[in-house]
Amino acid sequence: MTDDARTAPDPTDELPTLEEFQAHVARGETIAGGSPMHRFMHGASQEALQVTARINSGYVTPEELRALLSELTGREVPESVAVFPPIYSEFGKGLVLGEDVFINIGCRFQDTGGITIGPGSLIGHGSTITTLNHGEQPSRRADMTPAAVTIGEKVWLGATVTVTPGVSIGDGAIVAAGAVVTKDVPPRAVVAGVPARVLRYLDED
């Protein structure tokens, strides 16, 4: 028997529960390619794809949309949340939306590692928020390391912003259109560029 055969994942291994998976992710532990955690993640992704397909396949009323978003995220979505489909989520259960959040057309949420969007924040159309990094070594490229993204209160992401894993964006900050955010953004900062850099700070209200 080869080493590969001895170490290959056993497809009969018991899958974790959602709670066990989320605890694993919250600790920032690697999701090894082919492991029960990895297979659970892919199963949950299929569920999320089914819900987002229902959201994106035709017109739904705001009430229907909130019900579908609650199904997607596994938690009650506030009535004040507004989303313009299409919206894409690869996991769903890692996405937390605060009161008065607005998400514009065509946003993508890789939320397996956890994405929290604070009250009153605006997510510009075509923006992408990511929470997983693949292993650097080619032999471990299927491994993924989760890192949560936190967006504070009344943050404004312009169109086609990309936020990378592990980033926190402080309350009141503005991220200019097209920026790629690779490190934490201070509260009330205005950032732009690739990678995003602080241009200035907003005056107090």
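I began with Phe102, which counts as partly exposed at 23% relative accessibility, because the partly exposed range starts where buried, under 20%, ends. The model I consulted is a predicted one.

**Entry: aromatic pairs**

I found a count of 3 aromatic pairs. In one of them, the ring centres of Phe21 and Phe40 lie 5.1 Å apart with planes at 40°, so I recorded this pair as tilted. Phe21 belongs to helix α2 (residues 18-26) and Phe40 to helix α3, so the pair ties together parts 19 residues apart in sequence. Both Phe21 and Phe40 are buried.

I then turned to Phe84 and Phe102, whose ring centres are 5.0 Å apart and whose planes stand at 90°, so this pair is edge-to-face. Phe84 sits in the loop between β1 and β2, while Phe102 sits in strand β4 (residues 102-103), so the pair ties together parts 18 residues apart in sequence. Phe84 is partly exposed, with a relative accessible area of 43%. I also noted that ring pairs link Phe21, Phe40 and Phe91 into a cluster.

**Entry: helix α4**

I looked up helix α4 (residues 62-73), which has 12 residues and reaches 16 Å from its first C-alpha to its last. Its buried residues include Leu65, Leu68, Leu69 and Leu72. Among the elements covering the buried residues of α4 are α3 (36-56) and β1 (82-83). Just after α4, Gly74 has a positive phi of about 75°.

**Entry: Glu71**

Glu71 is located in helix α4 and counts as partly exposed at 40% relative accessibility. Leaving aside neighbours within four places in sequence, I listed Val51, Arg54 and Lys93 as contacts of Glu71.

Definitions and conventions:
Residues are numbered from 1 along each chain as its sequence is written. This is a predicted model: local features need pLDDT of at least 70, side-chain atom pairs count only at pLDDT 80 or more; totals for chains, interfaces and linings use all residues. Side-chain values use heavy atoms; hydrogens and water are left out. Helices (H or I, at least four residues) and strands (E, at least two) are DSSP runs, numbered from the N terminus. The expected span of a helix is 1.5 Å times one less than its number of residues. Buried means under 20% relative accessible area, exposed over 50%, partly exposed in between (1.4 Å probe, protein chains only). Contact means heavy atoms within 4.5 Å. Rings of Phe, Tyr and Trp (its six-membered ring) pair if their centres lie within 6.5 Å; planes under 30 degrees apart count as stacked, over 60 as edge-to-face and the rest as tilted.
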